[in-house]
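Hi,

Here is the structure I promised to pass on.

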Amino acid sequence: MAKVFCDFRFLLLVAAGVFIYIQMRLFATQSEYADRLAAAIEAENHCTSQMRSLIDQISLQQGRIVALEGKDLQRLIDKVQVPVAAVVIMACNRADYLERTINSVLKYQRLISSRYPLFVSQDGSNPDVKSKALSYDQLSYMQHLDFEPVQTERPGELIAYYKIASHYKWALDQLFYKHNFSRVIILEDDMEIAPDFFDYFEAAADLLDKDKSIMAVSSWNDNGQKQFVHDPYELYRSDFFPGLGWMLARSTWDELSPKWPKAYWDDWLRLKENHKGRQFIRPEVCRTYNFGEHGSSLGQFFKQYLEPIKLNDVKVDWKKMDLSYLLEDKYTMHFANIVKKATPIYGADMVLKAYNIDGDVRIKYKDQLDFENIARQFGIFQEWKDGVPRTAYKGVVVFRYQTSRRIFLVGPESLKLLQIEES
């Protein structure tokens, strides 16, 4: 019995030893697992931190990528965007004038160059003009070389007017038929442009497309001298081609190119047989300024009519302007309503009487001689072409005088054409 009890205690002792060993192993395993778990948690936290940092970096890079894509997309849009019009500067032998004109155009064209591709077209081989034009990366250069001797139609005529007409036809043929532009804006090498020059022509392009009674759009007002203008927002229709910074559509050039004259192309456009009752859009305040005192016209009228021109300095937002009043079916009534409200004056001392009246004034002239006499008193252009005074619409010439007051010089048939009953 004592032996059995002894064996049982021995077994208990062994069992206790085994139990203690097992507990120690379990504790060691748990400690090792806890250490591994802690390491794993620490690694996970580090990984999470790195992941967040990476996400932040990716987000930042995505933002930059989006910004870059936006710029690239805009560049792509600019490249494929259909131009509003090509712009061509007609040049010959005045490199200093050309430089001034190019710099004026680039000042406002540079950011919208895809919509208004710029060209310089040189007539002849003046090396200074060619070198000056080629020094600009922002434009395309064209050169018209015509070595045929010029035969004038009348003795004593200036050959320059024949060369100019030939150059215009060649350049416009190139731009419309070789380069396939739908519209072209023509500038000369002695012009500066206004801040809203391109916005003005973009708005007017819509009119040119919609209304086939509009032959061209001009940035010029012959009576645009400082004392005769006031409102930079005002536009008019005119039966007299103004020129000096104008836009033409290809459909009209298709008609004009085959019969283009040998000389005096601008006066040719003013003939009724060529404009065929169509009219021209012009601003009250000029969007071009002609600084060319020396040229083919030998400074004709420069001091009196060109130097005092007011170049618009107001940035008009033409996109927000409703220009539908200029469409043919609306304009006659629009213009008639303005003329109708003007106070008629008669007799001598027209200038003094007009000055003493508040508001718009209406003065009727009997014929061309009478018009020239009245125009001389006010100081506006007296010239007529093919029965039409400069700037006239249905025989009415309008200009401001000293203030916002408008003077309407009204022809003998004008009120009838405007359906205004004479008071």
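Below is what turned up, helix by helix and ring by ring.

First the ground rules: this is a predicted model, where local features need pLDDT of at least 70, side-chain atom pairs count only at pLDDT 80 or more, and totals for chains, interfaces and linings use all residues. Residues are numbered from 1 along each chain as its sequence is written, and side-chain values use heavy atoms, with hydrogens and water left out.

Let's start with helix α5, residues 197-210 (helices are DSSP runs of H or I with at least four residues, strands are runs of E with at least two, both numbered from the N terminus). Among the buried ones are Phe197, Phe198, Tyr200 and Phe201.

Now the rings. There are 30 aromatic pairs (Phe, Tyr and Trp rings, the last by its six-membered ring, with centres within 6.5 Å; planes under 30 degrees apart are stacked, over 60 edge-to-face, the rest tilted). Tyr116 and Phe198 have ring centres 4.6 Å apart and planes at 50°, so this pair is tilted. Tyr116 sits in the loop between α2 (95-109) and β2 (118-123) and Phe198 in α5, so the pair ties together parts 82 residues apart in sequence. Tyr116 is buried at 0% relative accessible area, and Phe198 is buried at 3%.

Phe335 and Phe408 make an edge-to-face pair, because their planes are at 75° with the centres 6.1 Å apart. Phe335 is in helix α10 (residues 328-341) and Phe408 in strand β16 (residues 406-410), 73 residues apart. Both Phe335 and Phe408 are buried.

One aromatic cluster includes Trp246, Trp253, Trp260, Trp265 and Trp268.

Arg287 is over Tyr200, at 5.9 Å from the ring centre, and Arg390 is over Phe381, at 4.6 Å.

Cheers

How values were computed: The expected span of a helix is 1.5 Å times one less than its number of residues. Buried means under 20% relative accessible area, exposed over 50%, partly exposed in between (1.4 Å probe, protein chains only). A charge sits over a ring if NZ of Lys or CZ of Arg is within 6 Å of the ring centre and within 35 degrees of the ring normal.
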